[in-house]
Amino acid sequence: MKKQQSGFQSGNIILISLIHHLHDVYSSFLAPIRPLLIEKFEISLAMASLWDLFQRLPWLLNPLIGIIAERTAARYFVIITPAITSVTMSLLGVAPTYGIVSILLFVMGLSGALFHVPSPVMVKKLSGNLTGKGMSFYMFGGEMARTIGPLVITGAVTLWGLEGTWKLIPFGLVASLILYFRFRKIKISSDFRKDETSIGFWLTFKKLLPFFTILIGITFFRAIMKSGLTAFLPTYYFTEQGESLWFSNSALAIFQLAGAAGTFVSGTISDKFGRKKSLIVIAAITPVLMFLFISVQGFMTFPFLILLGFFIFAPTPVLLALVQDVGMEKPVFANSIYMTISFITSSLAVVLAGILGDWIGLASTYKLSAFIALGAIPFVLMLKTDTKREQS
């Protein structure tokens, strides 16, 4: 068994990636139907952007979830969350008020937190010395979900109308049932406990605080650009460019597909060439691509949108691998801190993007976000070493 776990367990990695894919198909429903919900409730972009904040508020509990996952049967977090997420997100179309939509998204956010905190650590333990490659597989599943999700929900709205999206619920329920029979005997948390040392959670946090401060800088300065696109790209095409809903959501699907490709290769590249070098290249190229994307219209935006998607999502598996590289004593807890940083910055960023979109328009907001994203470069340079897992 030890010999098996010293290498890259591709079968188990693919399985976890498929689970990630299924969960995130449902969690990606908000952005594609946001234009319809805006019309239904007659609200502003700023009000609509608050939904993303409600969805992400539970991520403030990530450190607590990480501590619980270190000590309990974390496998059940992974098993039950696809069912919870499928129910809440499929009910968005039938929600009668803005407040009900907000509650559904809050519950979904809690479900997402319970899934995403322990699962990357599972990936690390199954990846051997190829943590970056394992994270690429894991994130590829998630990004492919955000490619397929917009098409699924758009197809559902086309077939059944906005209030018929509840018919998608059974697929998530069946998935959790299948996961129960597949994972109920795999004691994930017992593996975590075997790796624990005498160092406590607070000492772990203090030890990693300088590193987390750098991560805050990297994620904060890139957040408006990334969150603004993922949350409002269909709205940008639909309202400011006058494109159809299918065109707008197809653009989002293409963007996410390119992001899936970026996440699939970037982790493996960082295994070979180093985390820091990979992040420097990504941080420098992405703002340029944003400027090029916003300078054209219609189908001409697609080549730049594809490149932009590739590079804007590429840092995620690299950062996940980097967190696992430095947080060896408490891997789940370390990942929970990173996820908290990531989702707080993205929550604030999407609200700010919505406010700016109402004030100066989404096109100008995207241009401004490209300037702001350049601020991530100095923080990448502050990383002490070009961390790269040694091959054995």
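Predicted model: local features only at pLDDT ≥ 70, side-chain atom pairs only at ≥ 80, totals over all residues.

Let me begin with the empty space inside. Rolling a probe the size of a water molecule over the atoms shows where empty space is left. When the whole structure is searched in this way, two cavities of 30 Å³ or more are found. The largest cavity holds about 960 Å³ of space, and of the 45 residues lining the largest cavity, those closest to its centre are Arg 56, Arg 146, Lys 226, Phe 343 and Ser 346. What is the make-up of that lining by class? There are 21 nonpolar residues in the lining of the largest cavity, together with 16 polar and eight charged ones. If you follow helix α12, which covers residues 201-240, you will be looking at the element that gives the largest share of this lining, namely eight residues.

The second largest cavity holds about 30 Å³ of space. Its lining is made of Ile 218, Arg 222, Leu 279, Ile 282, Ala 283, Pro 315 and Val 380, and the elements that give two or more residues to this lining are α12 and α14, the latter being residues 275-294. Here the largest share comes from α14, with three residues. By class, the lining of the second largest cavity divides into six nonpolar residues, no polar ones and one charged.

Now let me return to Arg 56, which I named among the residues closest to the centre of the largest cavity. Arg 56 sits in helix α4, residues 45-56. Is Arg 56 buried or exposed? Its relative accessible area is 17%, and because the cut-off for buried is under 20%, Arg 56 counts as buried. Leaving aside residues up to four places away in sequence, Arg 56 touches Phe 343, Ser 346, Ser 347 and Val 350. With one of these, Ser 346, there is also a polar contact between the two side chains, at 2.9 Å.

Another salt bridge is formed by Arg 56 with Asp 52, where the closest N and O atoms are 3.4 Å apart. In this case both partners lie in helix α4, four residues apart, which is about one turn of the helix. Arg 34 and Asp 52 are both buried, and Arg 56 and Asp 52 are likewise both buried. Through salt bridges that share partners, Arg 34, Asp 52 and Arg 56 are joined into one network.

The side chains of Asp 271 and Arg 275 also meet in a salt bridge, at 2.8 Å from N to O, and both of these residues are buried. Arg 275 has a further partner in Ser 270, as a polar contact of 2.8 Å joins their side chains. Ser 270 belongs to helix α13, residues 245-273, and is buried, with a relative accessible area of 0%.

Two single residues remain. In the loop between α3 and α4 you will find Glu 42, whose phi is near 55°, a positive value in a residue other than glycine. Glu 42 is exposed, with a relative accessible area of 73%. Lastly, Ile 14 is in helix α2, residues 10-27, and is partly exposed, at a relative accessible area of 40%. How far apart are Ile 14 and Gly 134, in sequence and in space? In sequence they are 120 residues apart, whereas in space their C-alpha atoms are 9.0 Å apart.

Key
Residues numbered from 1 in each chain as written. Heavy atoms only, no water. Buried < 20%, exposed > 50% of the residue type's maximum accessible area, 1.4 Å probe, protein only. Polar contact = N/O pair within 3.5 Å; in protein donor to acceptor, adjacent residues only side chain to side chain. Contact = heavy atoms within 4.5 Å. 1 Å grid on protein atoms, 1.4 Å probe; cavity = no way out; pocket = protein on both sides within 12 Å on 5 of 7 lines; lining within 4 Å. Points joined across faces, edges and corners; volume = space filled by probe spheres on them. Nonpolar A, V, L, I, M, F, W, Y, C, P; charged D, E, K, R; others polar. Salt bridge = Lys/Arg side-chain N within 4 Å of Asp/Glu carboxyl O.
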